[in-house]
Amino acid sequence: MGLGGISIWQLLIVLAIVVLLFGTKRLKGIGGDLGGAVKGFKKAMDSDEESKKEDEQTQQKIAEDTPATSDTKTKAEQPASEKKD
């Protein structure tokens, strides 16, 4: 028994039929297109991960640069009795 109950001979027969139907040049082109699509997908995934890392680093820098608490209030935040013009 081979893969999932399919023997190696059955796989070879199917492969021979596919080669006869499409030809080797067309199969080579399909394989190249498939390989290019996989490369493009991997590249997109890597660039997405890089952009996420850059976003996290930017968020960390912003968090480090901003003070945790602010004791001073702006004029808009101060009650009317505390405002001095």
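Start by selecting L11, which is partly exposed with a relative accessible area of 37%; partly exposed lies between buried, under 20% relative accessible area, and exposed, over 50% (1.4 Å probe, protein chains only). You are looking at a predicted model, where local features need pLDDT of at least 70, side-chain atom pairs count only at pLDDT 80 or more, and totals for chains, interfaces and linings use all residues. Residues are numbered from 1 along each chain as its sequence is written, and side-chain values use heavy atoms, with hydrogens and water left out.

L11 sits in helix α1. Helices here are DSSP runs (H or I, at least four residues), strands are E runs of at least two, and both are numbered from the N terminus. Show the whole protein as a cartoon: it has two helices and zero strands. Of its 85 residues, 0% count as buried.

Now select residues 8–22, helix α1. Its 15 residues should span 21 Å at 1.5 Å a residue, and the end C-alpha atoms are 21 Å apart, which agrees; the expected span is 1.5 Å times one less than the number of residues.

Go on to residues 24–65, helix α2, and pick out D46 within it. How far apart are the end C-alpha atoms of α2? They are 61 Å apart, in agreement with the 62 Å that its 42 residues should span. Is α2 buried or in the open? The number of buried residues in α2 is zero, so this helix lies largely in the open. D46 itself is partly exposed, with a relative accessible area of 44%.
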